[in-house]
Amino acid sequence: MSDHSAFWETPISIDLDTGERLVLRSPQDALYALVSDWPVNGGVHQQRAIDFCRAWLAGRMPAETVRQAFILAALEAGVAINDDDGAGSSVGNLLV
């Protein structure tokens with residue numbers, strides 16, 4: 001089911017508390033952000049997104065489902081989500 005070289009159709013850009021912007025193009029990028037750069041640990045949606053990323057790596061989860069779980073984790077943690085051109089995006093647009 002998963003292709004480990006696959007990218008999301010639409011990347012997700014997030015702004016960290018450090019002022020750094022990360023562009024996430026795949027569940028693998030998301031997993032790294034969730035475990036290495038996440039500003040709030042222990043959130044329900046954070047853990048679910050981590051679990052979904054790992055399920056994707058094991059071939060048991062579609063990449064776009066992982067993307068949606070990541071967006072919920074970002075909302076939970078108050079992480080700013082941006083589209084490619086740097087303008088803020090609404091959650092509804094990102095979940096489509």
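Two strands count as paired if DSSP finds at least two bridges between them. Helices (H or I, at least four residues) and strands (E, at least two) are DSSP runs, numbered from the N terminus.

**View 1. The whole predicted model.** This is a predicted model: local features need pLDDT of at least 70, side-chain atom pairs count only at pLDDT 80 or more, and totals for chains, interfaces and linings use all residues. Residues are numbered from 1 along each chain as its sequence is written, and side-chain values use heavy atoms, with hydrogens and water left out. The protein has four helices and three strands. Their order along the sequence is β-β-α-α-α-β-α. Of the 96 residues, 40% are buried (under 20% relative accessible area, 1.4 Å probe, protein chains only).

**View 2. The open sheet.** Three strands line up as E2-E1-E3, with antiparallel pairing. Strands E2 (21-24) and E3 (80-82) are at the edges with a single partner strand each, so one side of each lacks a neighbour in the sheet. Neighbouring strands are turned by 30 degrees against each other on average, direction ignored.

**View 3. The E1-E3 pairing.** Strand E1 (residues 12-15) joins E3 through three bridges in the antiparallel sense. Ile 14 stands opposite Ile 81 in E3.

**View 4. Helices on the sheet.** Helix H1 (residues 27-37) packs on the sheet and touches E1 and E2 (contact: heavy atoms within 4.5 Å). The direction of H1 makes about 145 degrees with that of E2. Helix H3 (residues 63-77) lies across E1, E2 and E3, at about 15 degrees to E1. Axes are lines fitted to C-alpha atoms, for helices over the stretch in contact; angles run from 0 to 180 degrees between N-to-C directions.

Note on methods: Buried < 20%, exposed > 50% of the residue type's maximum accessible area, 1.4 Å probe, protein only.
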